[in-house]
Amino acid sequence: MGSLVRACLVAILVAIPSLLLPHVSQNNAQMVTLICLFAASLTYVEYRATYPSFLEFRDAAPFNRLRYVGLLIGLLVVCIVIKEIKQGQGFVFGGAGLFVASAMDFPFSPVTHMQNAVQVIAPWISPVLLTALCGAAFVTMILLVVTLPMLAVMNNWPNVEGGFNVWTNLPLFDPTAGGDVLKRLRRDGYFNLVLGILMPFLVPGAIKLLSFDFVGLELSHFHTLVWIFAAWVFLPLSLIMRGLGVLRVAFLVQEQRRRTYAQSDLQLA
């Protein structure tokens with residue numbers, strides 16, 4: 001039942017832009033339905049399977065729940081800003097986005113980089129809407145990056161009363177690949193932290209690079225634009241949370257070693 005609930009929640013997450021934004025064509029609706037079924041099936045199989053495949057921290061709640069909430073909030077904020085400005089239904093999130101974007105309007109700002117990058121691939125979008133989207137997405141990113149990892153730390157994540165299975169929760173990490181496991185975990189954690197901090201600058205750069213490599217690449221629909229901004233919000237959050245999670249696992253490994261060595265010394269004495 002838990003796997004089925006998770007699958008349904010993932011399907012709802014994928015369908016949110018089509019449910020909130022108007023003018024969804026029949027072809028787009030069919031494509032979104034197909035993607036929802038695929039994402040739900042993948043989630044169900046991953047959580048139902050005995051052996052892990054690629055999903056990390058599967059049995060270390062609420063790590064993945066917090067990441068899901070972060071992506072959900074990012075999608076909702078971007079969709080609400082588009083609806084506010086396009087349909088004139090209030091100006092709460094859009095006004096906050098414009099205020100933040102005006103405050104971050106200086107050289108080498110991630111908001112400025114994102115505005116310039118999206119303008120290249122979506123020239124049809126109005127400057128006011130683009131500015132509001134960049135500002136709202138950026139402030140959402142900052143709030144999520146500060147809040148969600150703090151919640152995990154305050155709850156003493158992970159709860160190790162029943163033991164923490166590294167193989168189940170880090171299936172892509174091979175402890176037998178060579179070298180000290182503790183050093184490799186710390187290196188992986190710090191790398192993810194640095195990459196997460198740089199991601200607000202790297203995503204606009206990747207968009208510009210794609211637009212230069214594929215001449216004439218343009219976005220013609222709001223739904224694709226929503227996912228671009230949602231990825232801009234979610235990727236830094238996900239990488240920073242993974243970095244903190246891996247560093248926490250490294251701390252648990254260090255504590256286990258310390259207890260083992262202390263017990264061995266006690267027995268020898």
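Student: Which residues lie nearest the centre of the largest pocket?

Tutor: This is a predicted model. In it, Val10, Thr43, Leu55, Asn64 and Tyr68 lie nearest the centre of the largest pocket. They belong to a lining of 32 residues.

Student: What volume does the largest pocket have?

Tutor: The volume of the largest pocket is about 880 Å³.

Student: And which helices each supply at least two residues of its lining?

Tutor: Helix 1 (2-20), helix 2 (26-48), helix 3 (63-87) and helix 9 (222-268) each do that for the largest pocket. Helix 2 gives the most, with 7 residues.

Student: How do the lining residues of the largest pocket divide into nonpolar, polar and charged?

Tutor: The lining of the largest pocket has 23 nonpolar residues, 3 polar and 6 charged.

Student: OK, next one. How much space lies in the second largest pocket?

Tutor: The second largest pocket holds about 250 Å³ of space. Its lining is made of 12 residues, and Asn28, Val32, His223, Thr224 and Trp227 are the closest to its centre.

Student: Which helix has the largest share of that lining?

Tutor: Helix 2, with 4 residues of the lining of the second largest pocket. Helix 1, helix 2 and helix 9 each supply at least two residues there.

How values were computed: Residues are numbered from 1 along each chain as its sequence is written. This is a predicted model: local features need pLDDT of at least 70, side-chain atom pairs count only at pLDDT 80 or more; totals for chains, interfaces and linings use all residues. Side-chain values use heavy atoms; hydrogens and water are left out. On a 1 Å grid over the protein atoms alone, a cavity is a set of points where a 1.4 Å probe fits but cannot get out, and a pocket is an open set with protein on both sides within 12 Å along at least five of seven lines; lining residues have an atom within 4 Å of a point. Grid points are joined across faces, edges and corners, and a volume is the space filled by probe spheres set on the points. Ala, Val, Leu, Ile, Met, Phe, Trp, Tyr, Cys and Pro count as nonpolar, Asp, Glu, Lys and Arg as charged, and the others, Gly among them, as polar.
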